[in-house]
Amino acid sequence: MEIKEFQKLIEKIYYKKDKKRGKERTFLWFCEEVGELAKALRKGNKKAKEEEFADVFAWLTSLASLYQIDLEKAIKKYKKSCPKCKKIPCICKEKK
Ligand SMILES: [Zn+2]
């Protein structure tokens, strides 16, 4: 499934609900999901990790829709290379 297709599907499933909840509260839910991912990464099995990655991605996608962000369009900045150093692989210095 392509990103655009996925975003449309997530909109069909959740947009009304998320719109009603509002951007800020939906962002908090997203953060909570990130917390669950952290927990799964720390002590979950492969299946738990997989599920949490899916949830975080779904919430991120839904959040993008609330802010009228087309994710497929947005990720094009990574299409050719690292957007900062323009290289593949990235040679940017790690931030400390
Ligand atoms: Zn770079």
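This is a predicted model: local features need pLDDT of at least 70, side-chain atom pairs count only at pLDDT 80 or more; totals for chains, interfaces and linings use all residues.

Me: Why is the pair of Phe6 and Phe57 called stacked?

Reply: The ring centres of Phe6 and Phe57 are 5.3 Å apart and the planes meet at 15 degrees. Rings pair if their centres lie within 6.5 Å, and planes under 30 degrees apart count as stacked; the pair is therefore stacked.

Me: What makes this pair a tie between parts of the chain that are apart in sequence?

Reply: Phe6 belongs to helix 1 (residues 3-21) and Phe57 to helix 3 (residues 46-66), so the pair ties together parts 51 residues apart in sequence.

Me: Is Phe6 buried or exposed, and how do you know?

Reply: Phe6 has a relative accessible area of 19%, and buried means under 20%, so Phe6 is buried. Phe57, at 35%, counts as partly exposed, because that class lies between the limits of 20% and 50%.

Me: What makes the pair of Phe27 and Phe30 tilted?

Reply: Their planes stand at 40 degrees, with 6.0 Å from centre to centre. Stacked requires under 30 degrees and edge-to-face over 60, so the rest count as tilted. Both residues lie in helix 2 (residues 23-43), three residues apart, about one turn of the helix. Phe30 is buried at 14% relative accessible area, whereas Phe27 is partly exposed at 40%.

Me: How do you know that Asp70 and Lys4 form a salt bridge?

Reply: The N to O distance between their side chains is 3.1 Å, and the criterion is a nitrogen within 4 Å of a carboxyl oxygen. The pair links distant parts of the chain, with Asp70 in the loop between helix 3 and helix 4 and Lys4 in helix 1, 66 residues apart.

Me: What is the N to O distance for Asp18 and Arg21, and why are both called buried?

Reply: Their salt bridge has an N to O distance of 2.6 Å. Asp18 has 2% relative accessibility and Arg21 has 18%; buried means under 20%, so the term applies to both. They are three residues apart in helix 1 and therefore separated by about one helical turn.

Me: Why is Lys73 called exposed?

Reply: Its relative accessible area is 61%, and exposed means over 50%, so Lys73 is exposed.

Definitions and conventions: Residues are numbered from 1 along each chain as its sequence is written. Side-chain values use heavy atoms; hydrogens and water are left out. Buried means under 20% relative accessible area, exposed over 50%, partly exposed in between (1.4 Å probe, protein chains only). Helices (H or I, at least four residues) and strands (E, at least two) are DSSP runs, numbered from the N terminus.
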